[in-house]
Amino acid sequence: MKINHTGITVLSLEKSIEFYRDIFGLQTENSFKKKDLGAKIVIMSDGSGGRIELFQFEKSSVLPESQNDLSTQGVKHIAFESNDVEAIWRKLHSKYECTNVTNGTSAKYFFVKDPTNIPVEVYQQYK
């Protein structure tokens, strides 16, 4: 088995599609409406099997601040692997809310907030 996709509820499909396309190179694979849910859905792919599924509901609520607390149960973030974390950080930090690049024990990384305030990790494994 492998992970197929990660589902994310967003406030604006347009802004989220632009963010994931322009920063991470994801392309729209499929889009459709679920009238029974009052939702528009877009599936984006990185071309190598990684996918995210974006949901925009007619009525959505803002992400609770507890989402960012690692000690609170729940999914915390999505991570994208990069060959040059510092270059991505330089590109993003003036336009988006980003943490500083951290040099961890096995990788360096930083977090950026997507247009819906969801934390996204940009990760570079040490070689």
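Biologist: How do E7 and E8 pair, parallel or antiparallel, and over how many bridges?
Modeller: Strand E7 (residues 107–113) and strand E8 (residues 119–125) pair in the antiparallel sense over seven bridges, where strands are DSSP runs of at least two residues (E), helices are runs of at least four (H or I), both numbered from the N terminus, and two strands pair if DSSP finds at least two bridges between them. This is a predicted model, in which local features need pLDDT of at least 70 and side-chain atom pairs count only at pLDDT 80 or more, while totals for chains, interfaces and linings use all residues. Residues are numbered from 1 along each chain as its sequence is written, and side-chain values use heavy atoms, with hydrogens and water left out.

Biologist: Which residue in E8 is the bridge partner of Lys113?
Modeller: That partner is Pro119; the hairpin of E7 and E8 has five residues between the strands, and Asn117 takes a positive phi near 75° there.

Biologist: And what does E6 do with E7?
Modeller: Strand E6 (residues 102–103) runs antiparallel to E7 and is joined to it by two bridges, with Thr102 having Tyr109 as its bridge partner in E7, and a hairpin of three residues connects E6 to E7.

Biologist: Why is E7 called largely enclosed?
Modeller: Five of the seven residues of E7 are buried, so the strand is largely enclosed by the rest of the structure; buried means under 20% relative accessible area, exposed over 50%, and partly exposed in between, with a 1.4 Å probe and protein chains only.

Biologist: Switching to aromatics, how many pairs does a search of the whole structure find?
Modeller: It finds eight, where rings of Phe, Tyr and Trp (its six-membered ring) pair if their centres lie within 6.5 Å, and planes under 30 degrees apart count as stacked, over 60 as edge-to-face and the rest as tilted. For Phe19 and Tyr20, the ring centres are 4.9 Å apart and the planes at 85°, so that pair is edge-to-face. Tyr109 and Phe111 also form an edge-to-face pair, at 6.1 Å centre to centre and 80° between the planes.

Biologist: Is Phe19 buried or exposed?
Modeller: Phe19 counts as buried at 1% relative accessibility, and Tyr20 counts as buried at 0%, whereas Tyr109 is partly exposed at 25% and Phe111 is partly exposed at 22%.

Biologist: What does Thr99 contact, leaving aside neighbours within four places in sequence?
Modeller: Thr99, in the loop between H2 and E6, is in contact with Trp89, Phe110 and Phe111, contact meaning heavy atoms within 4.5 Å.
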